[in-house]
Amino acid sequence: MRILALVRAAANLALCPISLAHAQSPADFYKGKTIDLYIGYSAGGGYDVYARALARHMTRFIPGNPTIVPKNMPGAGSLVLANWLYNVAARDGTAFGTIGRGTAFDPLLGSTKAQFDAAKFNWIGSMNDEVSVCVAWHTTGIATLEQVMQNELTVGGTGPAADTDQFPKVLNATIHTKFKIIAGYPGGNDIDLAMERGEVMGRCGWSWSSVIATHKQWFDEKKINVLVQLSLKKHGDLPNVPLVMDFAKTSEERQIFKLVFARQPMGRPFLAPPGIPADRTAALRKAFMDTMKGPGFLAEAEKMQLEINPVSGDAVQEIMQEVYQTPKAIAAAVADMVNH
């Protein structure tokens, strides 16, 4: 009797909905479902434009072809979304998102508002290995970074975790520029409008891919002066614009710049909550990279002037692991810069 009872219990367990759900293939799981793609910024900016382009094409490459619905969740330079993905979002593969490339570094840099462990996210991939720039509006008369070491330049910021706030703070603390950050803009598009209206004089920590995708005409018509490239290597479009690494005078400054700009390969990062079944994470990562190579997607990206230079989810995951091995003294120095 006892053996029979055990057999029946085992049979009941096999039919348990939870067990069946985990036994499903990704194709069976995703068939007929909707995936929510959350965007940590307001509509119209670079992150929004890239994410919506991905959403239009990625469904074809996910097993079961679920519908992907983009949704904006702006706030604190995408920190609101990062916390939500980690602590609230469904952990079954039906929600993922895009956040600022620097947001994942917040816990390392001492942010008490970052309620996540970035290494535990499931990183899906990055659409771009990024170069950012600082620009000044043409009416300011400022055309070089050296001039910002002598004259104050007001720039817009989207939140403490964002490049727009952190990059100018790091430059102020290391090479003594005089950027003044006007914080609180919901997204990059709002800063661009503020530049046009004369509320701010420039923008620092602006993805070059976003400049080209949203305001190439400004560059062509010399309405903006590009002051410096913020990355570990120059962009092919900007051979005559200096690289931030050229301004490092000490080995400590070089280490600081390396930590701060290591985020650039995460130019347009996509991530899912922790705890998603491994086969679904793998399916999303593969679908992401397949989308990046898809002729339909690439044709649209070219038409929209979106720079595509993808980095795999596995590679982004590795970057996160490596960055968190930064010497504590360097991380503490950078934390002090960005938190003041």
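Analyst: We begin with a term: a residue is called buried if its relative accessible area is under 20%, and exposed if that area is over 50%. Please keep in mind that this is a predicted model.

User: Which residues of helix 12 are buried?

Analyst: The general idea comes first. An α-helix has 3.6 residues a turn, so residues three or four places apart point the same way. In this structure, helix 12 spans residues 295–303, and its buried residues are Phe297, Glu300 and Ala301. These three lie on the same side of helix 12 because they cover an arc of only 100 degrees around the axis.

User: Which exposed residues does the face turned away from the buried side of helix 12 carry?

Analyst: That face carries Pro295, Glu302 and Lys303. As for the buried residues of helix 12, what covers them includes helix 4 (46–58) and helix 11 (278–293). Just after helix 12, Gln305 has a positive phi of about 60 degrees.

User: How should I read a sheet, and what is the order of the strands in the open sheet of six strands?

Analyst: Strands of a sheet pair through backbone hydrogen bonds, either parallel or antiparallel. Here the six strands follow the order 2-1-3-10-4-11, and the pairing is mixed. At the edges are strand 2 (67–72) and strand 11 (311–312), each of which pairs on one side only.

User: How many bridges join strand 4 to strand 10?

Analyst: Four bridges join strand 4 (residues 122–126) to strand 10 (residues 269–272), and these two strands run antiparallel.

User: What lines the largest pocket?

Analyst: The largest pocket has about 200 Å³ of space. Its lining is made of Leu232, Lys258, Leu259, Phe261, Ala262, Pro265, Ile319, Glu322 and Val323. Helix 10 (251–261) and helix 13 (313–323) are the elements that give two or more residues to this lining. Seven of the lining residues of the largest pocket are nonpolar, none is polar and two are charged.

User: Finally, is Asp192 buried or exposed?

Analyst: Asp192, which lies in helix 8, has a relative accessible area of 4% and is therefore buried. Leaving aside neighbours within four places in sequence, Asp192 is in contact with Arg203, Trp206, Thr214, His215 and Trp218.

User: Where does Asn339 lie, and which residues is Asn339 in contact with?

Analyst: Asn339 lies in the segment after helix 14 (328–338). With a relative accessible area of 42%, Asn339 is partly exposed. Leaving aside neighbours within four places in sequence, Asn339 is in contact with Leu109 and Gly110. Asn339 and Leu109 are 230 residues apart along the chain, yet their C-alpha atoms are separated by 8.1 Å.

Notes: Residues are numbered from 1 along each chain as its sequence is written. This is a predicted model: local features need pLDDT of at least 70, side-chain atom pairs count only at pLDDT 80 or more; totals for chains, interfaces and linings use all residues. Side-chain values use heavy atoms; hydrogens and water are left out. Buried means under 20% relative accessible area, exposed over 50%, partly exposed in between (1.4 Å probe, protein chains only). The arc is that of the directions from the helix axis to the C-beta atoms. Contact means heavy atoms within 4.5 Å. On a 1 Å grid over the protein atoms alone, a cavity is a set of points where a 1.4 Å probe fits but cannot get out, and a pocket is an open set with protein on both sides within 12 Å along at least five of seven lines; lining residues have an atom within 4 Å of a point. Grid points are joined across faces, edges and corners, and a volume is the space filled by probe spheres set on the points. Ala, Val, Leu, Ile, Met, Phe, Trp, Tyr, Cys and Pro count as nonpolar, Asp, Glu, Lys and Arg as charged, and the others, Gly among them, as polar. Two strands pair if DSSP finds at least two bridges between them.
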